[in-house]
Amino acid sequence: MRILHTSDWHLGRTLHGVDLGVHHEAFLEHLVQVVREEAVDAVVVAGDVYDRAVPPVGSVELLSETLARLTEVAHVVLTPGNHDSAARLGFGAAMFRDRLSVRSRVAEIGSPVTLLDRDGDAGAYVYPLPYLYPDMAREHLADDGPDGRTVRPARSHEAVTSAAVRRVQKDLAPRRASDGRRVPAVLLAHAFVTGGDVSESERDIRVGGVDSVPSGVYGPLGGLDYVALGHLHGPQRVGRAGTDPVMRYAGSPLAFSFSEQHHRKSTTLVDLGPDGVRDVRLLEAPVPRRLGDVTGTMSELLSRAYDDRTDHWLRVTVTDDARPEHLWATVTRRFPHALVVQHRAARLLETSGASAVTAAQDPLEVAAQFLHTAGGRAPDEAELDVLRRAYESVLAGERSA
């Protein structure tokens with residue numbers, strides 16, 4: 001069986017105010033072509049399909065069109081991440097047939113999606129885990145203790161994930177025994193596995209308990225064959241080689257922060273057989289527009305040295321001692337796709353940021369220090385006079401209130 005692992009599409013997301021809809025369309029067109037050209041049997045999407053619980057109409061339509069095209073040639077298994085609304089993403093799932101499986105309910109954990117091979121036999125078992133909010137999932141994942149009392153998992157991501165994986169393992173072992181042969185097994189999970197490299201654009205998932213999950217909770221090598229992870233936006237392998245199943249983050253198809261500018265975005269092509277994972281290949285995703293940082297004085301930035309960056313999405317840092325006039329307008333004329341423009345003087349106060357501001361300090365001194373830090377020079381007498389009069393006006397207003 002050939003599986004294409006992808007995740008973290010974040011349909012509906014913007015990048016510093018720029019609509020990424022056209023770029024999402026380009027990626028999904030690329031995805032459909034890959035599935036056709038590589039003879040993919042199933043596409044597994046490990047969460048964060050949308051960027052928010054109530055996605056824009058255009059994003060819903062794009063997903064609907066893409067799933068229709070994908071299911072013409074392959075099975076699609078999809079599960080929600082922490083950005084998705086499980087209820088909305090899973091709406092109508094009971095009516096889906098054949099090649100589309102949306103698993104969004106905790107109650108369905110432990111029941112696999114069976115992928116059939118070309119002979120009509122079980123070719124792989126896919127066990128989707130929707131994103132598990134500890135406070136809610138622990139009620140559904142409770143077990144009967146030895147004394148007959150209900151035992152709920154602890155309030156942590158590790159505990160609820162462990163309970164979910166136990167249900168998967170409880171189903172998998174007898175299923176394989178009854179098959180009379182070893183059918184490979186894939187687990188979909190949206191989680192932060194300990195040791196993964198994070199970026200700035202992943203939403204914190206600490207609410208409801210400790211956020212990380214040790215790789216060992218997914219069981220030893222020889223049980224599950226491949227763990228298809230979502231949540232972290234950089235494609236990467238995690239877990240302990242030779243001890244854990246093959247575990248990978250597919251990563252996001254687009255860069256959603258400047259911390260991702262060096263990522264090589266991709267989808268993960270996995271070949272499976274009775275002996276487990278036979279091959280893993282990363283297929284690079286199209287890059288609609290590169291991200292980058294440029295730093296220098298205004299004269300340096302306006303020179304021809306940066307001609308190769310004019311088509312990039314940029315974070316521009318201007319380092320003149322004094323903040324140049326018309327900063328934004330000048331920079332964006334030079335770099336039409338600049339998303340962030342900031343001034344950081346090369347020479348700042350040595351004490352900048354060294355101590356916290358307290359109520360005991362003179363507000364005028366605090367304001368003057370801020371201007372020096374932000375603008376690279378101390379305010380002159382005229383500017384100090386404006387600050388003084390503004391402060392006195394506020395005090396007068398408070399006294400008359």
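Visitor: How many salt bridges does a search of the whole structure find?
Guide: 25. Keep in mind that this is a predicted model.

Visitor: Let's pick one. What does R118 pair with?
Guide: R118 forms a salt bridge with D41, and the closest N and O atoms are 3.3 Å apart.

Visitor: Where do those two sit in the chain?
Guide: R118 is in the loop between β7 (113-116) and β8 (122-128), while D41 is in the loop between α1 (21-37) and β4 (42-46).

Visitor: OK, what about R182 and D225, how do their side chains meet?
Guide: In a salt bridge, at 2.7 Å from N to O.

Visitor: How do R182 and D225 come out on accessibility?
Guide: R182 counts as partly exposed at 27%. D225 is buried, with 7% relative accessible area.

Visitor: Which residue does K265 meet in a salt bridge?
Guide: E260, again 2.7 Å from N to O. K265 counts as buried at 9% relative accessibility, and E260 counts as buried at 1%. Why buried? Because both values fall under 20%, the cut-off for that label.

Visitor: Which residues are joined into one network by shared partners?
Guide: R2, E38, D271, D279 and R281 are joined by salt bridges that share partners.

Visitor: What does L129 touch?
Guide: Leaving out residues up to four places away in sequence, L129 touches T79, I109, A164, V165, V168, L187, L188, A189 and H190.

Visitor: Now sheets. In what order do β19, β20 and β21 run?
Guide: They form an open sheet in the order β19-β20-β21, with parallel pairing. β19 (291-296) and β21 (338-343) are the edge strands, each with a single partner strand, so one side of each has no neighbour in the sheet. From one strand to the next, the twist averages 15°.

Visitor: How many bridges are there between β20 and β21?
Guide: Five, and strand β20 covers residues 313-318. V318 stands opposite H343 in β21.

Visitor: Which helix packs on the sheet there?
Guide: Helix α7 (residues 327-334), which touches β20 and β21. The direction of α7 makes about 135° with that of β21.

Visitor: What's the bridge partner of L314?
Guide: A338, in β21. The chain crosses from β20 through α7 to β21, and this β-α-β crossover is right-handed.

Visitor: How many residues of β21 are buried?
Guide: Five of the six, so β21 is largely enclosed by the rest of the structure. As an edge strand, β21 still has a single partner strand in the sheet.

Visitor: Zooming out, how many helices and strands does the protein have?
Guide: Nine helices and 21 strands. The C-alpha atoms fill a box of roughly 90 × 55 × 40 Å along the principal axes.

Visitor: And what percentage of the residues count as buried?
Guide: 48% of the 401 residues.

Visitor: Last one: among contacts between residues at least 6 apart in sequence, what percentage join residues at least 24 apart?
Guide: 66% of those contacts.

Terms used. Residues are numbered from 1 along each chain as its sequence is written. This is a predicted model: local features need pLDDT of at least 70, side-chain atom pairs count only at pLDDT 80 or more; totals for chains, interfaces and linings use all residues. Side-chain values use heavy atoms; hydrogens and water are left out. Two strands pair if DSSP finds at least two bridges between them. Helices (H or I, at least four residues) and strands (E, at least two) are DSSP runs, numbered from the N terminus. Axes are lines fitted to C-alpha atoms, for helices over the stretch in contact, and angles run from 0 to 180 degrees between N-to-C directions. Contact means heavy atoms within 4.5 Å. A salt bridge is a side-chain nitrogen of Lys or Arg within 4 Å of a carboxyl oxygen of Asp or Glu. Buried means under 20% relative accessible area, exposed over 50%, partly exposed in between (1.4 Å probe, protein chains only). A crossover is right-handed if, with the strands pointing away from the viewer, the path from the first strand over the helix to the second runs clockwise.
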